[in-house]
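This report describes parts of a predicted model, going from a pair of helices to domains and then to chains. Please look at the structure before reading on.

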Amino acid sequence: MNKATASGAIFRAATPYGFLLPALLVTALVILFPVLQTAWFSLHDYTLYDPENARFIGLKNFAAALADEVFWIALLNSAIWVTGIVSLQLLLGLGAALLLNQSFWWRGLARALVIIPWALPSVIIGLMWTWIYDFNLGVLNDILLRIGLISAPHAWLAQPSTALACIMLALVWQGFPFFTVTILAGLQTVPAELYEAAEIDGASSWRQFVHVTLPSIAGIVATAVLLRIIWVANSLDVILVMTGGGPGYATHTLPLYAFLRAYTGMEFGYAASLSLMLTAILLGIVWLYVRRQAGELER
Amino acid sequence: MERRTFMKLAGAAALSFEAARPAIAQGKTTVRWWYHYDNPQNTPASLVTKFEAENPDIKIQAEPIPWGGGTDYINRIFSGLVAGNQPDCAMVRLSYLSRFGQMKALEPLDGFLANWKGRGDIADDVWKINRSPDGKQYYMPLHYVVIYLYYRQDLLQQAGLQPPKTFDDFLTAAKALTKDGVYGYGMRGGAGCHDNWGPFVLGGGASFDKGGMVADKALAANRWFVDLAVKHKVVPPSAPTDAFRQIVDAFKAGRTGMAIHHIGSAAEVVGALGDKVSAVPVPRGPDGGGWTYFGDESNAIFAGSKNKEAAFRWISFLSSAENNAEQAKLSGQLPITISDAKNWTVHPKRFVEASDASLPIARPLPDHVKTPDFVGRVLPTNLQRALTGGMNPDDLMKAVEQTFHG
């Protein structure tokens, strides 16, 4: 009897791992293995067209990256890229969510329309905005000329002073619906009684927003911001389509630089070291976030 | 049926399917061929049908691979080679010959070519250009283009100018045409900029030999080219990132008076501008030297192929008279066979003549493992920095020199 109970306990204890095993195996195959392979490449002088002569060089790729001017340019651009895009998407998404949480007769249609930029493929977004900014035929120059804000067309994507900001604007437009939808879902979970109580206490709309709305959606916003930081930091498709990283290094971000070194130079070892450094930075951000969340849970 | 019996039958059926596959395909060799055309809607289906009718023992599996500025296409090939999943044969360019050579990835064609009747229908010069430094022939020439200068006949006539033959003529014409929102020259500073940079810098005296990019003459030629944008402002401000689509569209829209490209864009340029547009070879440098890009396209057989004989029959079919003309129509380029070139009427005559007249100064890019990196990264980023004032033009030349010679 005791034996049967013991085997039953083992079975019960093992069952969750059994259910998790397929997912863990797939994750190990499609994520863990490539990550380990990337780490292995990063310690080698490995070029794709010369695999037979790949040799172990320790941390030399990392040292070379730290001494590479373009690495630092790309890192700074990445910081501007992530900070600018995520904060603007958050502001725009929050504003749109608050508007869409109001009651008006075409609210359903508005909620459907706002998701369109998020639903479009990045390559389409890139091409669309490239033509909006086009020097000769772009609609942006046309509008600005017609309303007299500029006297001659501007080459938005060809000037280092405007190229990065223009691509960031395209990505802000593409990604703000993610915040809108996420925050809107959060807003709908805030109990109406809280607003009623605040109103009875004489709180203005602004104070209701600061003391009721924001604390209620803080957890959702933090999760959405974390996800967006990771996605935006890794995204290179729109840059690749719109400028290819140019003019010069003006729109080089770290993943784009790694991509170019891997796929035009075929220097997989060096590109792997760049990718790993980006991964380490992102893991640092995730760690900070998880620590913060754990602290809140303890409270 | 019991569950156990069902499982047995299902297993047996699966095994018998695998076992039966070679038997079904017995006697028929499948050749996998990777290709790309500028117009992705074009398909080689009719050529495949004709070949398979003539060669009933061979099946052609033609797989279109996205070009992606060349990078996507070639990366697929190298990835396939590393993974051991490459096709039997594929369309390739000379600039990758060195990298293929380093991997020992290609099959020499000399043995096949010795017995191929069509060899004499391709000019000796073309065979010479396509030959590997080790003396072997790995590439089967397929079609080609030569970079030339498009110009607006009407605008030059109004300015009382002839099509430019020298760099000085070119600058004079570019200055004369730059007015009323039109720029004299639609410079390509974005992807593929080597075909605009080369005629003026390599044609002006620079070379890929050691020290050839940092010689006084080379530095002066590069400064002259950058000055077209920085000093003379005869190119659109968008030039630093303008690539194929932008330079062709700006020229078609009448926003530029001259542009440098090849016969592949002739149809759409003529469609927009009709007789107002013509072409001549790119201008010559101060000492009479000239350089223009020979845009080659060939087929090669991979060393790992198990169907080399059948693959050769297919690629030699594509480079044979009549079939080659059909292939060139699909690619929008010029046929490589002498007999097809003689009767070529697909492109307006003036553009074919401009291509022919450019051949004496037409050269491929150097056969070097760093050439793709030079084309895809080193030249565009550094040229763009020079064009936007972020870099001394001489440093661009030093970067190119360093790429090839360390």
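In chain B, helix α17 (residues 371-387) packs against helix α18 (residues 393-405) at an angle of about 165°, and their axes lie 8 Å apart. Helices (H or I, at least four residues) and strands (E, at least two) are DSSP runs numbered from the N terminus. The axes are lines fitted to C-alpha atoms, for helices over the stretch in contact, and angles run from 0 to 180 degrees between N-to-C directions. α17(B) and α18(B) are therefore roughly antiparallel to each other, a term for angles over 145 degrees. Their crossing is right-handed (the near helix is turned clockwise from the far one by less than a right angle).

On the α17(B) side, the contact is made by B:D373, B:F374, B:V378, B:L379, B:N382, B:L383 and B:A386, and on the α18(B) side by B:P393, B:L396, B:A399, B:V400 and B:T403. Two residues are in contact if their C-beta atoms, placed from the backbone, lie within 7 Å. The table gives the classes of this contact and of two further contact sides. Ala, Val, Leu, Ile, Met, Phe, Trp, Tyr, Cys and Pro count as nonpolar, Asp, Glu, Lys and Arg as charged, and the others, Gly among them, as polar.

| Contact or side | Nonpolar | Polar | Charged |
|---|---|---|---|
| α17(B) with α18(B) | nine residues | two residues | one residue |
| Chain A, side touching chain B | 14 residues | nine residues | one residue |

Chain B is divided into domain 1 (28-143 + 295-344) and domain 2 (148-293 + 354-405), with bounds from an automatic or database domain assignment. The contact between them takes 18 residues from domain 1 of chain B and 15 residues from domain 2 of chain B. On the domain 1 side, α3 (71-83), α4 (97-103) and β9 (292-301) of chain B each give two or more residues. α4(B) gives the most, with four residues. The centres of the two domains, taken over C-alpha atoms, are 30 Å apart.

The contact between the chains takes 24 residues from chain A and 30 residues from chain B. Chain A has 13 helices and two strands. Its C-alpha trace spans about 90 × 75 × 30 Å along its principal axes.

Residues are numbered from 1 along each chain as its sequence is written, and chains are lettered from A and ligands numbered from 1 in the order in which they are written. In this predicted model, local features need pLDDT of at least 70 and side-chain atom pairs count only at pLDDT 80 or more, while totals for chains, interfaces and linings use all residues.

Technical notes. Angles under 35 degrees count as roughly parallel, over 145 as roughly antiparallel, 65 to 115 as roughly perpendicular and the rest as oblique.
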